[in-house]
Amino acid sequence: GIDERSIDAVGPWPWPRAVFAELLELTRRASVVGIDVSMSDPSRAGPEDDAILAAALARIPDSVTLPLQISERGAIITQPLPLFQADTRQGFINVRPDHDSIGRHAPATIGDYPSFARASIPAAVAVPSEYRIDYRGPEQTFITIPASVALDKAVPERIFQDAIVLIGATAPSLNDTVLTPFGA
């Protein structure tokens, strides 16, 4: 989780791409890694920083999913830089809330593009065109490791072995929340 503690430890947001490259190295034994962070603009740290992440992605091709933003009509709004596209999967992260503003359903595709979840799972697994999200519980139901703890190498490698790892914002200051049946 990209939480307030990690932002304090690593530095202000947005982080250099080298930080994500290091997180990928630490989670290299995972079966799938989803990075729910937009990689659509060049790094503020320069092209060398983007090259570091591209090299990390090339070492684990097709294991990482990066986000897209898609319009309701299926046009791309934002996508990862071309440098990151060859060795990753891409899936949209759009959320369509129900009439009461709570997200309970998700389409598997919009136009020709898969959802972030659909892009992350093996193609052999059947997924309906729309599905109800099976929420398992409130925040912290799943193991959430602060990015700073992972970067300090304080997590045993076995935790990531064959796991599904999602790297994304949990810090309230990053405003990446949606309403669920369990709250924001």
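Some ground rules. Residues are numbered from 1 along each chain as its sequence is written, and side-chain values use heavy atoms, with hydrogens and water left out. Since the model is predicted, local features need pLDDT of at least 70 and side-chain atom pairs count only at pLDDT 80 or more, while totals for chains, interfaces and linings use all residues.

Start with the core. A nonpolar core here is a set of buried Ala, Val, Leu, Ile, Met, Phe, Trp, Tyr and Cys residues joined through side-chain atoms within 4.5 Å. Buried is under 20% relative accessible area, exposed is over 50%, and partly exposed is in between, with a 1.4 Å probe and protein chains only. The largest core has 33 residues. Phe20, Leu24 and Ile35 touch the most other members. Elements supplying at least two residues each include strand 1 (32-36), helix 3 (47-59) and strand 9 (164-168). Helix 2 gives the most, 5 residues. Helices and strands are DSSP runs, numbered from the N terminus: H or I of at least four residues, E of at least two.

Take leucine 24. Beyond its neighbours within four places in sequence, leucine 24 contacts Val33, Ile35, Leu53, Ala56, Leu57, Ile60 and Val64. Contact means heavy atoms within 4.5 Å.

Now helix 3. It has 13 residues and spans 19 Å from first C-alpha to last, close to the 18 Å expected at 1.5 Å a residue. That expectation is 1.5 Å times one less than the number of residues. Which residues of helix 3 are buried? Asp49, Asp50, Leu53, Ala54, Ala56 and Leu57. Facing away from the buried side are the exposed Pro47, Glu48 and Arg59. The cover over the buried residues includes helix 2, strand 2 and helix 4 (82-85).

Next, serine 120, in helix 5 (residues 116-120). Serine 120 is buried, at 8% relative accessible area. Its side chain makes a polar contact with the side chain of threonine 65, at 2.9 Å. A polar contact is an N or O pair within 3.5 Å; within protein, one atom must be able to donate a hydrogen and the other to accept it, and residues adjacent in sequence count only if both atoms are side-chain atoms. Leaving aside neighbours within four places in sequence, serine 120 contacts Val32, Thr65 and Arg89.

Last, glycine 1, in the segment before helix 1 (4-10). Glycine 1 is buried, at 17%.
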